[in-house]
Amino acid sequence: MVKDSRTAKSMINVITTVLNNVLIMVAKFFVRTVFIYYFTSEYLGLNGLFSSILSMLSLADLGFGIALPYSLYEPLAQKDEKKIKAIMNYFSKVYKVVGLSIIFVGTALIPFLPLIIKEMPNIPNLTLIYMLYVINSATSYFFIYKKTLIVADQKGYRVKLIESMSVILTSILQIIIIAISKNYVLYLLVAILMIILQNYYVSLLANKWYPFIRGDKKERLEKKDRKILSKNTIVLFFYKVANVVETGIDNIITSAFIGINTVGVYSNYALIMGSLKGLLMTASNSITSSIGNVAAEKNREKSYLLFRTLNLLSIILYGVCAITIYIMINPFMEIWIGDQYLLSRLTVLVLCINFYIFGSQNSLASFRNAYGLFWEGKVRPLVMTLLNLVMSLSLVGSLGLAGILIGTIISRLLSVGIIDSYVIYKNVFEEKVWKYHLMKAKHGLIVFLIGAGLNYILAFMEASSIIYWLLKAMLVGLISMVALLVVFWSSEEIKYFKRITLALLKSRKGK
């Protein structure tokens, strides 16, 4: 049975965020298509590189992006408006400092740009373009704390439509600007203006839904709450470093050691895989607050079953996507933009393995955040960061881009896979961690065998046109999904998921 509205809200969050992200993904795809048609690969590389640099600058938030929703779960559940307001006042000041810090540090990095671009491209207004990226990144921080309040209260689905419409409108305006003026600066200015308007509107909605956060800013957090928040923030900073290195360093190393054109080619693959990753991540993040609700019940068996269920769902979803991407992405690139933008099969394989491993570890991150196990795993971010840098730099000379990505895979397996799993199994489930590793090895082997078999069996099917490509892609996705469901259909995790889904449908039908 669904005991309260939180489970229903979680499912609504999942459905709405998935639909909205599909719209966003399609909109970005059309913009990229027009972009490639009118601009050179150097502009694509510049876009990927500057985005990576700005992801590094976002370290300025010191991990507050995770600490804020975690600190709000309890007062929201208890309807403690006084404490919620105190938390919001605190983070309001923090994020203003963050936004200004990004502008300051971003400006200070301008003289060092030639050091991270192997061959400076012949692009006019390069410094202005870079500063527009800096401003675009900084503006989000002035309003994001109010959006986080809405999401933490499991009402994120109410603002997803706003975000989607903003992205779609931005995409339409950018396409018009590219086609008419071919002006890259105007292209960036539109994005900045729309993100400001979007965040301002979400801020107004937060004021309307939570009127008690308005007014004076005198409400302050108690000393003990500030102490806990400061402790979590210190370790969350290192988690942030690890995540940024993983997502941002690949483009920077590629630009510095291989060339910005390769960054441009890689960015097309990153767009597609990043969109899928964002789609799936948004769905999983939508239920993180429900994990926090289960955590509050202190029911170890229920938490363990929920963890295994979410883990298996991630395996199925990311496994299907990884298999389909490996088989279908290069034929798609040929049809879409031509064979001059293709990566090698080895690089594509490594990309897909990286994609799968990232997704298969999502449940670890969700439970770590929901249970607030930041300090317990404090060494993991450092291990992950060092491994990523050392392995990527060691392998780039011999394997190129594939070597950089292999370094990322190794660092994730040896850090997240070992340390995070140990922390969660010890502190939450009180189970032996070898059970997790055995489960992951079994799942990985199953996904690999299904993918290898499909790649061999369907090799005869040509994808020479968009129609044939769609038919083959649907066939690959359908067969891999059915195969994985057949393997896991009788598992306890799938039975639990079916019970929750059926209970939710019945409760919604009865309203």
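Ile84 touches Leu72, Pro75, Leu76, Leu149 and Phe212, when residues up to four places away in sequence are not counted. The model in which these contacts are found is a predicted one.

**Ile84**
- Ile84 is found in helix 4, which spans residues 81-108, and with a relative accessible area of 2% it is buried, because buried means under 20%.
- Along the chain, Ile84 and Ile213 are 129 residues apart, yet their C-alpha atoms are separated by 7.7 Å.

**Ser392**
- Ser392 has its place in helix 16, made up of residues 379-399, and counts as buried because its relative accessibility is 0%.
- A polar atom of the Ser392 side chain lies 2.9 Å from the backbone oxygen of Asn388.
- Leaving aside neighbours within four places in sequence, Ser392 is in contact with Ile253, Leu387, Gly403, Ile404, Gly407 and Thr408.

**Nonpolar cores**
- The largest nonpolar core has 106 residues, of which Phe50, Ile129, Tyr184 and Phe355 touch the most other members; helix 13 (residues 300-336) gives the most to this core, with 16 residues.
- Phe50, again not counting residues up to four places away in sequence, touches Leu113, Leu126, Ile129, Tyr130 and Tyr133.

Terms used
Residues are numbered from 1 along each chain as its sequence is written. This is a predicted model: local features need pLDDT of at least 70, side-chain atom pairs count only at pLDDT 80 or more; totals for chains, interfaces and linings use all residues. Side-chain values use heavy atoms; hydrogens and water are left out. Helices (H or I, at least four residues) and strands (E, at least two) are DSSP runs, numbered from the N terminus. Buried means under 20% relative accessible area, exposed over 50%, partly exposed in between (1.4 Å probe, protein chains only). A polar contact is a pair of N or O atoms within 3.5 Å; within protein, one must be able to donate a hydrogen and the other to accept it, and residues adjacent in sequence count only if both atoms are side-chain atoms. Contact means heavy atoms within 4.5 Å. A nonpolar core is a set of buried Ala, Val, Leu, Ile, Met, Phe, Trp, Tyr and Cys residues joined through side-chain atoms within 4.5 Å.
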